[in-house]
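Work through the exercises below with the sequence and the model side by side. Each task is followed by a solution in steps.

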Amino acid sequence: MSFLLPDYCPLCNNKSDPLLLICKKCIPELKPVEIKRDVLKGVIIYSFLPYSEKHRYILHQIKFEEKKFYIDDILCRIDFSFLHKYNIDLITYVPMSLSGIILRGFNQSRVIARIISKKIKKRFYPILGKSKYSKQSLKETAEERSQIVKNNPFYLKRSMYKRIREASSILIVDDLVTTGNTIKACINRIKDINPNIKFYIITLFYTEDIK
Ligand SMILES: [Zn+2]
């Protein structure tokens, strides 16, 4: 595996230690940062890396070069034990449309959610689906399709209703938070069937310029 690793750290561009992708100097910097977004008032959002010019490269490698080991390498060095105090019932992730998954092969937010799920020992579920072309989509049921309205391509999976209704808190995982509108759309869907659920958000990257 090591022969596939670049010999420089993707966070600081300095030469990395052998068998490490993220260098020893950068590992302590992988700390949760609390993020505020106007559209997500009252929702706790944690993120780790500013989506700066140098970090953009990492997300590009993950998304388009399918370098999933970047996610593994970064996340395995993050201590997620701070999440235990929130008593999270469910973990889920922001979905991609079927066409997006076919195009790209995998959903990086799902990969991140799976690793966090393992680390904090809570199950993760694909609660939400995303439809890009509601009329052409064959995968959703008629009821799921009926939820797809303008400006909100997300729908709840019928098989997950019971789980969502019984949960008191949920962690939504995404790769990047910019305005917060995508996460807001997911939250609104979940609130449709459980208005009292408490939301927590984790993203790997965040943009700094948006309040
Ligand atoms: Zn470094």
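**Exercise 1.** What should the 12 residues of helix α1 (residues 53-64) span at 1.5 Å a residue, and how far apart are its end C-alpha atoms?

Solution. The model is predicted: local features need pLDDT of at least 70, side-chain atom pairs count only at pLDDT 80 or more, and totals for chains, interfaces and linings use all residues. Residues are numbered from 1 along each chain as its sequence is written.
Step 1. Helices (H or I, at least four residues) and strands (E, at least two) are DSSP runs, numbered from the N terminus.
Step 2. The expected span is 1.5 Å times one less than the number of residues, so α1 should span 16 Å.
Step 3. The end C-alpha atoms of α1 are 16 Å apart, which agrees.
Step 4. After α1 comes Glu 66, with a positive phi near 55°.

**Exercise 2.** In what order do the five strands of the open sheet lie, and what is the pairing?

Solution.
Step 1. The chain has seven helices and seven strands, in the pattern β-β-α-α-β-α-α-β-α-β-α-β-α-β along the sequence.
Step 2. Two strands pair if DSSP finds at least two bridges between them. The five strands of the open sheet then take the order β1-β2-β7-β6-β3, with mixed pairing.
Step 3. β1 (33-35) and β3 (90-93) are the edge strands, each pairing on one side only.
Step 4. On average, neighbouring strands of this sheet are turned by 30° against each other, direction ignored; the axes are lines fitted to C-alpha atoms, for helices over the stretch in contact, and angles run from 0 to 180 degrees between N-to-C directions.
Step 5. Take the parallel pairs in turn. β2 (residues 44-50) and β7 share six bridges, and Ile 44 stands opposite Tyr 200 in β7. β6 and β7 are joined by eight bridges, with Leu 176 opposite Phe 205 in β7. β3 and β6 (residues 169-177) are joined by four bridges, and Tyr 93 has Val 173 in β6 as its bridge partner.
Step 6. Helix α7 (residues 181-193) lies across β6 and β7 (198-206), at about 155° to β6.

**Exercise 3.** Which residues of β3 point one way, and which the other way?

Solution.
Step 1. In a regular strand, side chains alternate between the two faces of the sheet.
Step 2. Leu 90 and Thr 92 point one way from β3, while Ile 91 and Tyr 93 point the other way; all are buried. A residue is buried with 20 or more other C-beta atoms within 10 Å of its own, exposed with 12 or fewer, and partly exposed in between, the C-beta atoms being placed from the backbone.

**Exercise 4.** Why does Phe 199 count as partly exposed, and what does it touch?

Solution.
Step 1. Phe 199 lies in strand β7 and counts as partly exposed because it has 19 C-beta neighbours inside 10 Å.
Step 2. Contact requires C-beta atoms, placed from the backbone, within 7 Å. Not counting residues up to four places away in sequence, Phe 199 touches Val 43, Ile 170, Ile 172 and Ile 187.
Step 3. Ile 187 is 12 residues from Phe 199 in sequence and 7.7 Å away in space, C-alpha to C-alpha.

**Exercise 5.** Which members of the largest nonpolar core touch the most other members?

Solution.
Step 1. A nonpolar core is a set of buried Ala, Val, Leu, Ile, Met, Phe, Trp, Tyr and Cys residues joined through C-beta atoms within 7 Å.
Step 2. Of the 43 residues in the largest core, these are Ile 91, Ile 172, Val 173 and Cys 186.
Step 3. β6 gives the largest share of this core, six residues.

Definitions and conventions: Two residues are in contact if their C-beta atoms, placed from the backbone, lie within 7 Å.
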